[in-house]
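Student: Please take one part of this model and examine closely how it packs, after setting out the chain around it.

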Amino acid sequence: MTADEFLRWVVGQSERFELVDGRIVRMMVGAKQSHNVVAANILAALLPQTKRGGCRTTASDTSVRTSPQGVRYPDIVVDCGPRDPNALEASKPVLVVEISSPSTSTLDATDKLDEYRGHGDIALILLVEPDVVLAKLYRRDAQGIWQVEKYDDIGQSVELPEIGATLALRDVYDTVEPSALPKLRLVEDAG
């Protein structure tokens, strides 16, 4: 199935699906509350900031075409392309956010990440752990090279000048009470 065929087909479906390598895949439903709260917090934080720059921030019903046979539904999309109230997909997705869950974390950090990095418009990919203070930002630089930034302190903020926004981890995890990321303990003298 092509992406165009899928986007026409999916409109009438009562369940959630993605298109991966031309095949229809059923999406996870029933996420934990921490996943949903983190998604809502990110949406609430980004929405007013990105709107000032002419972009739209939407939740998980906005599709992103990742290939001629691929369509994904990130948890959050910042679309900076032309407005079209009837569009079924983001016209120029600049930021995509995936909030991990036990069943999707490996997929988010491998296949989806590769697909998003291959999209010409996407400049920012944010992977967020909902139960542990941890966010990884993949940022495409001016030469097209992807850089990785790690945020694991509740006092940190993620600067996103590409969309005119700043995302404070304190806001991301508001009311969730995440754990701190375990620190490695160095062995001073192994001898």
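Tutor: A contact means heavy atoms within 4.5 Å. By that criterion, among the contacts in the chain between residues at least 6 apart in sequence, 50% join residues at least 24 apart. The model is predicted, so local features need pLDDT of at least 70 and side-chain atom pairs count only at pLDDT 80 or more, whereas totals for chains, interfaces and linings use all residues. Residues are numbered from 1 along each chain as its sequence is written, and side-chain values use heavy atoms, with hydrogens and water left out.

The chain contains four helices and 12 strands (DSSP runs, H or I of at least four residues for helices and E of at least two for strands, numbered from the N terminus). Its radius of gyration, taken over C-alpha atoms, is 17 Å, close to the 16 Å that the globule rule (2.2 Å times the number of residues to the power 0.38) gives for 191 residues, so the chain is as compact as a globular protein of that length. Along its principal axes, the C-alpha trace spans about 65 × 35 × 35 Å. Of the 191 residues, 42% are buried, that is, under 20% relative accessible area with a 1.4 Å probe, protein chains only.

Notes: Buried < 20%, exposed > 50% of the residue type's maximum accessible area, 1.4 Å probe, protein only.
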